[in-house]
Amino acid sequence: MSLRLSAVSHRFGRGRVILNSIDLRVGVGETLAIVAPSGSGKTTLLTILGGLLVPTNGSVLLDGQPLESRRLPPGTLAWVFQTISLFGHRTASENVAVGGLAVGRDKGTARRDAEDLLAAVGLAGFGTRRANTLSGGEAQRVGIARALAARPRYLLADEPTGHLDRSTSEVVADALFSSRRDDMSIIVATHDTLIAAQCQRALVIVNGELREQ
Amino acid sequence: MRGWRIRSVVIEASSNVAAAAMRTLLITAGFGMAFGSIVWIELDFTTDLLAYADRFREQGGYVGVVTSEELPIPAASCEALNGLTGVVAAGGIRQSGLTSVESAPGTLFQRAYITVGIIRVWDPSARRVPSNGAHGLGSAAARYLGVRSGSPITPSGETTRPAYVIGLERRNEQASGWFFNIVPPHGVVDQCWVELAPTAYAGWVAAIPAQFPHHQVAVRRVAALDQFSRDPATELERRSHRFAWLAVGAILAAITSIASWFRRSEMGVYRAFGMPRVGLLLMHQVETMMIGVASLAMAVVWAVALFASNYGFPETDQIQIAASAAAKALLLLIIAAPIGATLAARGDPAMLLKEQP
């Protein structure tokens, strides 16, 4: 049971090689940070891991099967995005419920779960607030709750604290790791050492290659 | 675990519509104005048509023939009647000896020169009017020669041209076996035929003879509906704006598709959370349907109310015709808009997510 990259390389068009022959295995329950400065390819690596981008070379294997060759089973992956990708005109609870609906829950269950998850990320009582009235940190925690609502085996977070101040980043990082289930892996692309420090393993991208930090 | 249920997709669509109240209101108003325009145009058109038909049923119509035993009538004056209020159609005829055609040597046909307008007087059911220079045949002559409209025909000593068959049984049966040269309104004619609208006769009695002071004017009344040049069913079927729904539906679908470009990041979130493309399509469809049906209902009610306040309450048939035209536009919109919107959201979800919802 793992998510693997095997000899993955990627370049955009005829541009430079962003990722160069990367091998990576993420086991069950593991927390992994991919650390690198902006523009070094960590978001590209994450989107390849999540099956949103097909690499130029190499393969992504989920439980030994090529990821790109089949649709992902619901509950496999969920995302926390770099930009706060909430539906601004809808409530926090409705935003979180999208994660539940995505894995086949009915509306009522998804809404109840949403309230619990909002409480788990420190936003109890925020359920009826419109997303566009939330602060950056609150919105990002709603994004984390939404990802958790999909009960994923792998949670992929792309710079979850990228645009937040230090104290807010701590709150978001705490929400991300404290609400983790034991069987859920977290892969986070970040340049924030605070986030990296909370992961079991941290890797760094140097010239397109992945190295242990 | 299962993925998105159809019901969940529908719930998402309705939540999106309900939550973005301002956006929904603006779109509903825009759609409503477009649908309302169709409804208004149809009500206006059918009201005019029904009023004309009613007047014809009550009063009948008239066909007048201006003749002269000695002084020929200028053809241009005759054709000029077409521009007058109350004149449905007018045109002239000048007889001109006998002729034969190459396919029936030995058979002589009465030949006459006619202007285009007279064909509309003689043959109210004519679907199209031929151009000048065409050869015309009365329906009896056409039957005798085995010729249909469009068949080439060669009068002796003349150029081969497509034949145009004129139905003359109802208004000028004696000319049904004639051969006609359809010519521009130059020179003179022997007779000028004119069909008048049902209410035009009183005015015509004074106006037309004034234009032909040296000619005799005879008028006969034609009350039978089969002689009614403006056949309501045919006019409804051939009305120039009959495809307005197509244009309106296509324009609204295009605008909706363009507008959905600004929701690409929303689509990216759904895609990243496992919603298949067909789910996105369904979601757009439900959203468009909800807003569209509300707009249509609003448009019909407002347009009918406004129309009633100005011109009186329309007939049920009129409302049906108007509403069904607007409903066709909505149907096209429901089918086309989600396709365009889904195309706008195609591509890598990671790229879609780069835009802030």
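## Arg130(A) and its contacts

Beyond its neighbours within four places in sequence, Arg130(A) contacts two residues, His89(A) and Thr91(A). This comes from a predicted model. Arg130(A) sits in a loop of chain A, between α3 (107-120) and α4 (136-149). Phe87(A) lies 43 residues away along the chain, yet its C-alpha atom is 8.8 Å from that of Arg130(A).

Is Arg130(A) buried or partly exposed? A residue needs 20 or more other C-beta atoms within 10 Å to count as buried, and 12 or fewer to count as exposed. Arg130(A) has 16, so it is partly exposed.

## The two chains

Chain A has 213 residues, and 54% of them are buried. Its secondary structure consists of six helices and 10 strands. Among its contacts with a separation of 6 or more, 70% join residues 24 or more positions apart.

Chain B has 357 residues, with 40% buried. It holds 12 helices and 11 strands. Residues 24 or more positions apart supply 82% of its contacts with a separation of 6 or more.

## Strand β3 of chain A

Strand β3 of chain A covers residues 31-35. All five of its residues are buried, so the strand is largely enclosed by the rest of the structure. Both faces share in this: Thr31(A), Ala33(A) and Val35(A) point one way, while Leu32(A) and Ile34(A) point the other way, and all are buried.

β3(A) has parallel partners. Strand β8 (residues 185-190) of chain A pairs with β3(A) over five bridges, in the parallel sense. There, Thr31(A) has Ile186(A) as its bridge partner. Strand β9 (residues 201-206) of chain A also runs parallel to β3(A), joined by four bridges. In β9(A), Leu203(A) stands opposite Ile34(A).

## Nonpolar cores

The largest nonpolar core has 115 residues. Which of them touch the most other members? They are Ile34(A), Ile187(A), Phe35(B), Val39(B) and Ala326(B).

Leaving out residues up to four places away in sequence, Ile187(A) touches Val26(A), Leu32(A), Ile34(A), Leu46(A), Leu49(A), Tyr154(A) and Leu156(A). A second core is separate and has 46 residues, including Cys78(B), Val87(B), Val121(B) and Ala141(B).

Helix α1 of chain A spans residues 42-49. Why is it described as largely enclosed by the rest of the structure? Eight of its eight residues are buried. They are Lys42(A), Thr43(A), Thr44(A), Leu45(A), Leu46(A), Thr47(A), Ile48(A) and Leu49(A). Two of these, Leu46(A) and Leu49(A), are touched by Ile187(A). An α-helix has 3.6 residues a turn, so residues three or four places apart point the same way. Just after α1(A), Gly51(A) takes a positive phi of about 75°.

Helix α10 of chain B runs through residues 277-311, 35 residues in total. From first C-alpha to last, α10(B) reaches 49 Å, close to the 51 Å expected at 1.5 Å a residue. Gly312(B) follows α10(B), with a positive phi near 95°.

## Where the chains meet

How many residues of chain A are in contact with chain B? There are 24, and they meet 24 residues of chain B. Helix α2 (residues 92-102) gives the most to the chain A side, with five residues. That side divides into 13 nonpolar, eight polar and three charged residues.

How values were computed: Residues numbered from 1 in each chain as written. Chains lettered and ligands numbered in written order. Predicted model: local features only at pLDDT ≥ 70, side-chain atom pairs only at ≥ 80, totals over all residues. Helix = DSSP H or I, 4+ residues; strand = E, 2+ residues; numbered from the N terminus. Contact = placed C-beta atoms within 7 Å. Expected span 1.5 Å × (residues − 1). Nonpolar A, V, L, I, M, F, W, Y, C, P; charged D, E, K, R; others polar. Core = buried A, V, L, I, M, F, W, Y, C linked by C-beta atoms within 7 Å. Pairing = 2+ DSSP bridges.
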